[in-house]
Amino acid sequence: MAGTGYVGLTTGTCFAEIGHEVICCDIDKEKIDLLNKGEIPIFEPGLKELVKKNVNAARLSFTTDLKQAVRDSDVIFIAVGTPPKHNGEADLSYVENVAKDIGAAMNGYKLIVEKSTVPVETGKWIKKTIQAHNIHGFEFDVASNPEFLREGSAIKDFLEPDRIVIGVENEKAEKILKEIYEPINAPMIVTDLNSAEIIKHAANSFLSMKISFINAIANVCELAGADVKMVAKGIGHDKRIGRHFLDAGIGYGGYCFPKDLQAFVNISNKLGYDFKLLKEVESINENQRKMFVEKIRNTLWNLKEKEIGVLGLSFKPNTDDIREAPSIQIINELQKDGAKIKAYCPGGMENAKKILKDIKLCSNAYEVCENSYALLIITEWEDFANLDFDKVKHLMKRPLIIDGRNMFEPKVLKSLGFEYECIGR
Ligand code: NAD
């Protein structure tokens with residue numbers, strides 16, 4: 001496994017769990033040292049125990065030596081980052097570096113599998129790169145096997161997926177991948193390389209589109225005095241639509257949707273198609289955050305020197321990942337107006353320290369409430385559902401909750417003596 005991040009570590013560990021021998025490799029020495037000491041560099045429920053179990057069973061090991069790992073393996077999965085460049089294009093330099101190292105280390109037939117999310121035709125480039133560095137001319141194949149796991153439920157998503165997609169160019173590669181996934185009971189969709197690459201981008205784009213769709217509906221609901229939660233329920237029961245990803249709020253964030261959408265718009269454009277629909281999805285998403293900040297300004301009037309409490313920093317619950325989290329943009333905007341921010345997040349605090357400046361990180365939700373003029377719900381962690389609202393009310397300077405995730409019932413919070421603002425209700 002080349003790359004031991006959220007995807008590489010989880011999929012590598014799960015491959016070991018289903019019986020394979022796995023070497024997880026990363027250029028980040030600190031990460032590998034930590035893993036070799038039995039510690040886990042990310043927060044992912046259940047992962048620590050699974051890593052320990054498979055290391056003890058001698059099926060899982062960690063190294064910084066990619067070339068040796070390649071020599072010792074039959075199949076190499078590429079799971080390095082594919083971050084966005086300034087123009088929205090995917091930065092594929094990490095993928096290229098791995099491909100060069102794989103090419104140079106070849107000592108026999110290898111199957112190289114893209115697990116990272118990459119634009120269509122990346123497989124072709126990986127092949128050319130390996131070819132150029134494979135001076136002894138060893139045989140190899142390139143395949144695509146996009147990953148659909150979600151942070152926070154990554155192990156279950158990997159072991160019980162809705163489907164497995166493999167993009168291959170010949171029967172040999174197909175047979176190897178089928179063997180690898182044999183213990184997992186899920187439909188397998190076998191395609192060509194380009195289609196597999198597009199499947200991943202199309203899936204993430206569709207899910208983002210659902211989120212932006214319900215957010216647009218929420219905006220209409222707000223203007224019409226309707227309730228978006230009821231509307232989502234009403235349309236979600238239709239099997240053709242489905243209830244998932246119809247939660248209105250401050251929009252999507254994280255390491256996948258924003259960058260994958262940008263990359264898909266970009267590659268489509270390069271291929272000659274102007275994907276206006278997805279541009280609108282991005283624009284609605286961006287607007288949700290702006291409107292949330294406006295809501296805060298409209299309720300609190302001047303923000304200068306006012307203490308504002310924030311609950312939730314990670315881009316979604318059950319993860320420590322704050323990459324592209326809505327919290328960052330919202331906090332930065334409020335700080336520009338002179339607000340003093342206090343925050344608590346059950347998972348995202350360590351990563352927040354590296355990115356967010358001049359905020360007070362608290363040890364629990366109640367400390368956040370103390371003397372706050374408003375309490376903002378940015379991420380819907382389960383921990384926040386059961387707050388003692390009597391206590392919250394007495395701790396706050398003004399009992400005002402502005403809920404970006406529609407976690408609570410407006411009637412209930414109002415009956416408890418709160419001013420309550422939410423999205424589309
Ligand atoms: P990550 O940043 O957590 O991990 C990437 C790792 O690759 C890092 O640890 C980095 O040090 C390592 N790396 C970089 N260059 C390397 C090299 N030459 N050799 C070895 N290791 C190297 O990223 P991630 O969240 O795991 O995402 C990886 C890919 O999977 C991305 O393309 C992403 O879009 C995709 N993906 C992510 C998720 C998710 O939920 N995070 C889900 C599905 C797909």
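Predicted model: local features only at pLDDT ≥ 70, side-chain atom pairs only at ≥ 80, totals over all residues.
Residues are numbered from 1 along each chain as its sequence is written, and side-chain values use heavy atoms, with hydrogens and water left out.

Helices (H or I, at least four residues) and strands (E, at least two) are DSSP runs, numbered from the N terminus. Two strands are taken to pair if DSSP finds at least two bridges between them. Strand 3 (residues 75-78) pairs with strand 4 (residues 110-114) in the parallel sense, over four bridges. In this pairing, V75 is placed opposite L111 of strand 4. Buried denotes under 20% relative accessible area, exposed over 50%, and partly exposed the range in between (1.4 Å probe, protein chains only).

Strand 4 is also joined to strand 5 by five bridges, and the two run parallel. Here I112 stands opposite V142 in strand 5. Strand 5 (residues 140-144) has five of its five residues buried, so it is largely enclosed by the rest of the structure. Both of its faces are covered, with F140, V142 and S144 buried on one side and D141 and A143 buried on the other.

An open sheet of six strands has the order 10-9-8-11-12-13, with parallel pairing. Strand 10 (360-361) and strand 13 (419-421) are at its edges, each with a single partner strand, so one side of each lacks a neighbour in the sheet. Strand 12 (residues 400-403) runs parallel to strand 13 and is joined to it by three bridges. Within this pair, L400 is opposite E419 of strand 13.

In soluble globular proteins, nonpolar side chains tend to be buried together. A nonpolar core is defined as a set of buried Ala, Val, Leu, Ile, Met, Phe, Trp, Tyr and Cys residues joined through side-chain atoms within 4.5 Å. The largest such core has 57 residues, and those with the most contacts inside it are F292, I296, L311, L313, L334 and L376. A second, separate core of 35 residues includes C14, A16, L60 and A143. Beyond residues up to four places away in sequence, F292 touches I250, I330, L376, I377, I378, I402, D403, G404 and I423; contact means heavy atoms within 4.5 Å.

Two further buried residues lie in helices. L47 is found in helix 3 (residues 47-56) and, at 0% relative accessibility, counts as buried. Apart from neighbours within four places in sequence, L47 is in contact with L9, T10, T13, I40, I42 and I155. The C-alpha atoms of L47 and F15 are separated by 13 Å, the two residues being 32 apart along the chain. H201 is located in helix 9 (residues 193-224) and is buried, with a relative accessible area of 2%. With neighbours within four places left aside, the contacts of H201 are T117, V118, P119, D260, A263 and F264.

The ligand has 25 residues around it, of which D26, K31, T82, E151 and K259 come nearest; a residue is near a molecule if one of its heavy atoms lies within 4 Å of it. An N or O atom in the side chain of K259 is 2.5 Å from an oxygen atom of the ligand.

Positive phi values occur at two loop residues. F245, which is not a glycine, has a phi of about 60°. F245 lies in the loop between helix 10 (228-236) and helix 11 (257-271) and is partly exposed, with a relative accessible area of 28%. For E305, phi is near 70°, again a positive value in a residue other than glycine. E305 is in the loop between helix 12 (276-300) and strand 8 (307-311) and is exposed, with a relative accessible area of 51%.

Conventions. Polar contact = N/O pair within 3.5 Å; in protein donor to acceptor, adjacent residues only side chain to side chain.
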